[in-house]
Amino acid sequence: RYPLIPLVVWLAEMRGDANFSSVRAQDRIAEIAPRPVFIIHSKGDDQISVQHGQKVFDNAKAPKQEWFPAFDKHVHEWNWDKDKSEKLVTEFFASNLN
């Protein structure tokens with residue numbers, strides 16, 4: 001959180017000669033097609049709105065898969081429903097890595 005995250009972003013941009021605010025996944029995701037994409041984003045994410053994950057998924061091209069569980073924490077989907085997480089991710093890789 002503040003001031004750590006802004007400092008880390010600033011340092012990464014300086015070291016990488018990049019502008020992170022100009023690169024948005026929802027604007028670039030289609031460019032990686034036909035690579036398979038699996039978007040996982042909790043509906044009640046307490047840090048980043050699920051709308052962001054939905055926009056990335058909507059803009060992705062096939063093959064694509066999504067899982068938007070009804071959970072309220074950021075990046076804890078795996079711990080929220082470990083069995084379902086493992087099943088979905090395993091099936092995704094199995095069907096897309098030939």
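The model is predicted: local features need pLDDT of at least 70 and side-chain atom pairs count only at pLDDT 80 or more, whereas totals for chains, interfaces and linings use all residues. Residues are numbered from 1 along each chain as its sequence is written, and side-chain values use heavy atoms, with hydrogens and water left out. Helices (H or I, at least four residues) and strands (E, at least two) are DSSP runs numbered from the N terminus.

- H41 lies in the loop between β1 (37-40) and α3 (50-59).
- With a relative accessible area of 9%, H41 is buried; buried means under 20% relative accessible area, exposed over 50%, and partly exposed in between (1.4 Å probe, protein chains only).
- The side chains of H41 and D45 are joined by a polar contact of 3.4 Å; a polar contact is a pair of N or O atoms within 3.5 Å, where within protein one must be able to donate a hydrogen and the other to accept it, and residues adjacent in sequence count only if both atoms are side-chain atoms.
- A polar atom of the H41 side chain lies 3.5 Å from the backbone oxygen of S49.
- Not counting residues up to four places away in sequence, H41 touches I48, S49, V50, G53, W67, F68, P69 and E77; contact means heavy atoms within 4.5 Å.

- The largest nonpolar core has eight residues: I29, V37, I39, V50, V56, F57, A60 and F68. Such a core is a set of buried Ala, Val, Leu, Ile, Met, Phe, Trp, Tyr and Cys residues joined through side-chain atoms within 4.5 Å.
- β1 and α3 are the elements that give two or more residues to this core, and α3 gives the most, with three residues.
- A second, separate core of five residues includes F38, W67, V89 and F92.

**Salt bridges**

- A search of the whole structure finds three salt bridges, each defined as a side-chain nitrogen of Lys or Arg within 4 Å of a carboxyl oxygen of Asp or Glu.
- D27 and R24 meet through their side chains at 2.8 Å, N to O; D27 is partly exposed at 45% relative accessibility, and R24 is partly exposed at 42%.
- R28 and E31 form a salt bridge at 2.9 Å, N to O; R28 is partly exposed, whereas E31 counts as exposed at 51%.
- In the salt bridge of E91 with K87, the closest N and O atoms are 2.8 Å apart. These two residues are four apart in helix α5 (residues 82-96), so about one helical turn separates E91 and K87.
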